[in-house]
Amino acid sequence: MQRRVIFDNKLLPYLLLAPQVAVTLVFFIWPAAQAIWQSVHIQDAFGLRSEFVWFENFEVILRDPNYIETLKTTAIFSVSVTVLSLGVALLLAVLADSKIKGARAYKTLLIWPYALAPAVAAVLWMFIFNPEIGSLGQLLNRLGLDWDYRLNGTQAMIMVILAASWKQVAYNFIFFLAGLQAIPRSVMEAASIDGAGPVRRFWTITFPLLSPTTFFLLVVDMVYAFFETFGTIHALTHGGPGKSTETLIFRVYQDGVVNNDLGASSAQSVILMVIVIALTAVQFRFVERKVHYA
Amino acid sequence: MATVDIRNVRKSYGPVEAIKGIDVAVQDGEFLVLLGPSGCGKSTLLRMVAGLEGITGGEIAIGGRVVNGLDPKDRDIAMVFQNYALYPHMSVFDNMAYGLKIRGIPKPEIQSRVAKAAEILELGRFLDRRPSQLSGGQRQRVAMGRAIVREPSAFLFDEPLSNLDAKLRTQMRVEIKRLQDRLGITSLYVTHDQVEAMTLADRILVMNHGVAEQIGTPLEVYQRPASLFVAGFIGSPPMNVLDGRIDPAGAAIAMPGGAVLPLAAPRAADAGRAVKLGIRPEHLALTAADAPGASSIQVELVEALGADTVVYGRLPDGESLVVRMAGLPACREGDRLTVAPQPGALHLFDADGGRRLAEA
């Protein structure tokens with residue numbers, strides 16, 4: 001049911017909307033417009049003159065094999081983070097939903113990582129995986145594995161994926177747990193009387209009923225992996241060694257802030273923006289459709 | 001088809017004992033209703049039969065096989081839940097076929113069993129729909145269909161009609177009765193509704209505080225309630241309960257208000273004993289002031305139900321008395337009426353324990 005509020009004063013609705021509109025204008029529309037403007041210009045090294053070049057920046061980027069490599073890195077990183085954090089969170093939520101002693105404490109503890117700043121979380125993982133002082137790093141080396149994420153790109157990738165996923169597990173966990181608790185107990189009981197064991201109950205009843213939650217989290221986690229993992233990567237590996245953990249968002253920062261190539265950086269921002277708009281559109285379509293079964 | 005034997009079954013939650021030793025043997029094909037107020041343990045008992053609750057003490061056997069340690073799926077029972085518990089993401093067909101698929105029944109047989117159940121329950125048109133696209137009554141029928149197709153040893157019903165409106169409830173009640181007569185499957189049915197219990201049951205088990213107050217046919221439970229609790233729970237409006245004392249000769253009961261009710265059969269053994277006297281409202285009739293056992297009441301409220309009339313009155317000593325008379329009201333508030341119990345319609349209970357006194 002839709003409810004429509006009727007305002008007597010014609011001005012009031014606009015006044016009430018103004019703060020949100022202002023925030024959106026200042027922090028999104030304006031910078032986004034600037035990014036688009038800069039993405040079609042090339043500046044000289046001192047930032048004194050700029051020249052309108054149409055889509056040359058985009059052409060250069062998309063022809064750059066390094067950029068394609070970064071795209072691949074981002075894809076691997078994002079898919080891994082999403083799958084890992086969704087999978088682990090679902091497992092933990094299912095365990096937390098069953099009757100166990102101290103479930104409350106367990107649930108509270110699981111939510112903690114979400115409250116940590118990315119940089120703090122990264123330092124924490126560094127202390128674990130550092131080959132000289134990290135407990136797990138030392139152990140891996142003692143076991144004969146040549147562990148040093150500062151030299152080995154694959155190992156660096158594994159570490160940033162772990163660190164980034166770890167933070168997102170907490171978020172996913174809350175949603176999955178809420179989703180699980182919304183499934184009526186009697187439905188599960190009916191399934192067990194119908195003859196389904198725990199594993200089959202999970203795959204034929206629980207998992208399908210969780211699908212709206214799962215889809216929502218899938219989109220949120222993808223966006224997280226794309227954009228919000230900058231801090232984690234920056235603190236852990238700086239995109240290295242080489243460019244092995246350089247994702248799109250990290251490269252935007254490298255090219256724009258470090259290398260001062262504003263045109264290229266802006267063009268990349270625009271590409272990223274298109275990706276996020278596409279992802280958001282998918283999400284909105286889904287939320288709007290409001291898939292609920294009961 | 002099978003018998004269900006419940007032998008001295010107990011259930012404790014920590015120090016709290018919810019079921020305090022229930023014994024009942026349900027015959028093959030029998031319809032047993034577990035009746036009682038909420039919190040009396042009737043649902044718990046049913047869930048113990050289903051295997052959804054552990055059994056603290058005693059034994060439950062289905063078809064002669066003790067099932068205490070078995071999972072619900074190995075007990076060969078089907079259950080209908082109060083909130084239907086349909087699988088919301090599956091079509092009506094899949095809801096009914098789910099249990100059959102799990103048991104590895106071949107597809108053609110699943111098709112034919114579901115089709116048959118759908119025909120019995122008039123669900124044929126809805127097989128492709130989701131539960132959310134059905135009305136409450138239709139969902140209830142799907143839940144029953146899911147139980148029927150399994151062809152189990154026993155049906156368990158957990159207040160299946162209490163989410164339906166009054167009209168639908170009556171209609172579904174008749175359908176359940178017809179279905180059970182037709183299929184002849186042993187059924188345990190939990191309800192707090194005495195009308196459902198009276199109309200559906202072959203036997204009723206009246207429960208209170210985890211104890212079986214009485215097990216008997218609906219008419220036994222109505223005509224010879226084993227305790228004050230049963231007497232008050234069965235019948236609407238409930239039975240009048242008054243204090244009385246059997247006179248020294250054991251031939252009549254002296255009421256505090258002065259009336260003397262003669263007993264149909266003398267009870268010399270109970271002479272002088274304080275009793276609780278139960279009289280059903282429908283067993284009181286208007287009478288002449290000098291008739292034996294007559295009491296005068298002041299009418300406080302008259303409920304005209306059409307087919308009959310319920311009169312709420314007060315005896316001279318202040319006790320209230322409800323009288324149910326056939327037909328339209330013949331009195332008004334404030335009137336004085338003289339009523340007397342029909343011969344042989346008195347129920348005598350122990351004034352202390354509330355148990356029914358043995359017949360003289």
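Trainee: In what order do the strands of the open sheet in chain B lie?
Mentor: This is a predicted model, in which local features need pLDDT of at least 70, side-chain atom pairs count only at pLDDT 80 or more, and totals for chains, interfaces and linings use all residues. Residues are numbered from 1 along each chain as its sequence is written, while chains are lettered from A and ligands numbered from 1 in the order in which they are written. Helices (H or I, at least four residues) and strands (E, at least two) are DSSP runs numbered from the N terminus. Five antiparallel strands make up this open sheet of chain B, and their order is 13-12-11-14-20.

Trainee: Which are the edge strands of that sheet?
Mentor: Two strands pair if DSSP finds at least two bridges between them. An edge strand pairs on one side only.

Trainee: Which residue of strand 20 of chain B is the bridge partner of Gly278(B)?
Mentor: Strand 14 of chain B covers residues 274–279. Strand 14 and strand 20 of chain B run antiparallel and share five bridges. For Gly278(B), the bridge partner in strand 20 of chain B is His347(B).

Trainee: Strand 9 of chain B pairs with strand 3 of chain B. In which sense do they run, parallel or antiparallel?
Mentor: Strand 3 of chain B spans residues 31–35, and strand 9 of chain B spans residues 203–208.

Trainee: Which residue in the hairpin of strand 9 and strand 10 of chain B takes a positive phi?
Mentor: Strand 10 of chain B (residues 211–216) runs antiparallel to strand 9 of chain B, with five bridges joining them. Val206(B) has Gln214(B) as its bridge partner in strand 10 of chain B. The hairpin has two residues between the strands, and the residue with a positive phi, near 50°, is His209(B).

Trainee: How far apart are the centres of the two domains of chain B?
Mentor: The bounds come from an automatic or database domain assignment. Domain 1 of chain B runs over 4–232 and domain 2 of chain B over 236–350. Taken over C-alpha atoms, the distance between their centres is 39 Å.

Trainee: Which helix gives the largest share of the side of domain 1 of chain B that touches domain 2 of chain B?
Mentor: Two residues are in contact if their C-beta atoms, placed from the backbone, lie within 7 Å. In chain B, six residues of domain 1 are in contact with eight residues of domain 2. Three residues on the domain 1 side belong to the element with the largest share, residues 228–233, which is helix 8 of chain B.

Trainee: How many residues does helix 8 of chain A give to the side that touches chain B?
Mentor: Across the two chains, 16 residues of chain A are in contact with 19 residues of chain B. On the chain A side, the elements that give two or more residues are helix 8 (185–193) and helix 9 (198–228). The largest share comes from helix 8 of chain A, and its count is six.

Trainee: What is the pattern of helices and strands along chain A?
Mentor: Chain A has twelve helices and two strands. Its C-alpha atoms fill a box of roughly 75 × 75 × 30 Å along the principal axes. Among contacts in chain A with a separation of 6 or more, 69% join residues 24 or more positions apart. Read along the sequence, the pattern of chain A is α-β-β-α-α-α-α-α-α-α-α-α-α-α.

Trainee: Which residues of helix 7 of chain A does helix 4 of chain A meet?
Mentor: Helix 4 of chain A covers residues 103–111 and helix 7 of chain A covers residues 153–181. From helix 4 of chain A, the residues taking part are Lys107(A), Leu110(A) and Ile111(A). In helix 7 of chain A they meet Ala170(A), Phe173(A), Ile174(A) and Leu177(A).

Conventions:
Axes are lines fitted to C-alpha atoms, for helices over the stretch in contact, and angles run from 0 to 180 degrees between N-to-C directions.
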